[in-house]
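Here is a quick tour of a protein with its ligand. Have the sequence and the 3D view open as you read.

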Amino acid sequence: MSVTVLAIVQNISIEGWGVSAAGLLAVFFSSIVFWQDPAKRSNRTFLFFGAAVSVWGIAFAVFTGTYGTPAIHGALSMIYLVAPLVPLSLFLFLYDFSIKGSPFSFWKFAGIFTPYLCLAGLLSIPNFITGYDETLDGGLGGRVFGKGYPIYSFYMLAFLSAGVIVLIKKYRESAGIFKFAIRNILLAFFAMSVLATTVMLLFPLFWVGYDLFWVGLLGVIIFEFVIALILIKYNFLSLKVIATEFFISIIALVLVVELFLATSTLDLLIKAGIAMLIIFSSSFLVGSIKREIQSSDKIARLLGDLDYMHKQLKVLDKKKSDFLSIASHHLRDPLTAIRGYASMLTEGSFGELSVSLREAVEKILDSSERLITMISDFMDISRIESGDMNYKFVDVDMKKLVLDLADEMKFNAERAHLGFNVAVGKDLLKDESFVTVGDAGKLRQVVSNIIDNSIKYTPQGELSLLLSKSPDRKKILFSVSDTGIGMNASTLEKIFRKFSRADGVSKVYTEGTGLGLYVAKEIIKKHEGRIWAESKGEGMGSSFYMELEAKV
Ligand code: ADP
């Protein structure tokens, strides 16, 4: 062989040096990942991948160093022998990382490596896949592609595609932070595959030739580097642990070197003692730091997962609200027509009704009214959640609003054989103002809902409405107290939440969605007011309070 190693090294191009240096750095990082947990299969295959990539980089560097010499044939064969190991090892890593099942059986391994061995066999046939023709490029020589090149390309693409399939499959199944890790790997993988196949498989064949090969190689190395970082971040090693281990190793090294510099036996013994003590205690230290960091990392990961779930739930919640909004709109129009006609029937617009027919029509009217209320609640929920609830703030006289509503609802209470008392705070002046700034329609909805509930949940007895003001006259207080079914502490705590009803209440009071008070609370919140409930317990009646700012 007329070319010496020194001559090859001297001839290596800048790209060659760059790629091999980057390759060595990448293999260093894959070793870090590997050493963190050598027992983990994905760490082992990642090291295999890192090693394959860096040997590939070195082969490329040697190739640039042998350009125009007879040794180029050997260098070219080396590149093409190592290159197929890259997508193969990458696939093995992606498989182990994503599908953490049982290890590959012997036969699966054989199935994966056989194509490689076949390809290696084909590479030994001169110029079948690729070769070097000294007569090209003005006598410097150039690469030629043989009939077998498509087989080589197919092999490379097949492993890359298998990798993508494994990743996409896992991406679909996984959740939380792991899903993010997979997504990031997938993105990096995609970018790398496009770059590598373009500049390494297609360019040489069709356009630019072989000049940009190093770009593809660098792309693969950067990809490996990125994966190492993703693994360190998600897979869940801590950079802090790595750094601590690194520093402790340096201290240990310095201490060992110190031993060789000992001036006497006593000095040696003291230094050895100190070295042992420090190394021993630092190993404990590293262990405890590792455990601590790992547990805090675990908490951070769990928090990340929670955050992810929270976002997912929000998306689902939004979808549900949109659906409710659309469905409610479509339901309300026909119902309004039903209610309108039922109401006209009961009023005698279509002639006198017999008693039994009248009762039936009244039931239709009742039910359609209930349904309309329910649908309005649903629509309110979707408006509240999408932030589309519009408020028109004006001066609202709460005294008039309450007294008007009380007048209307008195009949419902009478129909349910309940006493109905309305009072305005005794110690207040006759012309006391009960004006607040608010949305009249929505405040009316809240007051009516509270009164309606009291009528609904009071089988017998009475309800009392009271309108008063705080001693400093700055707040308007409205309350409804009833002698109804009351509530225990756990019910009291939840009734203002969405879809919340007292346990078992739906068996007796079938009509009810658990939405009214939630909507009421949201409305009052927008008015900077407060709404709350009190009860001494089940069967002991309830009181609902609403407090609003008085207009001064
Ligand atoms: P709905 O009445 O449609 O169930 P609400 O949000 O208006 O929905 O009320 C939520 C729950 O609060 C009711 O299901 C009931 O369990 C309880 N509740 C409301 N008002 C009263 C009341 N006056 N007395 C006893 N329980 C009540």
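What follows covers the ligand site and then some helix packing.

This is a predicted model, in which local features need pLDDT of at least 70 and side-chain atom pairs count only at pLDDT 80 or more, while totals for chains, interfaces and linings use all residues. Residues are numbered from 1 along each chain as its sequence is written, and side-chain values use heavy atoms, with hydrogens and water left out.

**Around the ligand**

There are 22 residues around the ligand, and N453, Y457, R501, T513 and L517 come nearest (a residue is near if one of its heavy atoms lies within 4 Å). The table lists polar contacts, meaning pairs of N or O atoms within 3.5 Å.

| Residue | Atom on the protein side | Distance to a ligand oxygen atom |
|---|---|---|
| N453 | polar side-chain atom | 2.9 Å |
| A502 | backbone N or O atom | 2.9 Å |
| G516 | backbone N or O atom | 3.2 Å |

On its own, the ligand has 540 Å² of accessible area, and the protein covers 98% of that (Shrake-Rupley method, 1.4 Å probe).

Which element gives the largest share of the shell around the ligand? That's α14, with four residues. At least two shell residues come from each of α14 (440-456), α17 (516-526) and β9 (542-549); helices here are DSSP runs of H or I with at least four residues, and strands are E runs of at least two. Sorted by class, the shell has nine nonpolar, 10 polar and three charged residues, with Asp, Glu, Lys and Arg counted as charged, Ala, Val, Leu, Ile, Met, Phe, Trp, Tyr, Cys and Pro as nonpolar, and the others, Gly among them, as polar.

**Helix packing**

Helix α3 (residues 41-65) packs on helix α5 (residues 85-98) at about 160°, with the axes 8 Å apart (axes are lines fitted to C-alpha atoms over the stretch in contact, and angles run from 0 to 180 degrees between N-to-C directions). So α3 is roughly antiparallel to α5, the term for angles over 145 degrees.

For α5 and helix α6 (residues 106-123), the angle is also about 160°, with the axes 10 Å apart. That makes α5 roughly antiparallel to α6.

Terms used: Polar contact = N/O pair within 3.5 Å; in protein donor to acceptor, adjacent residues only side chain to side chain. Parallel < 35°, antiparallel > 145°, perpendicular 65-115°, else oblique.
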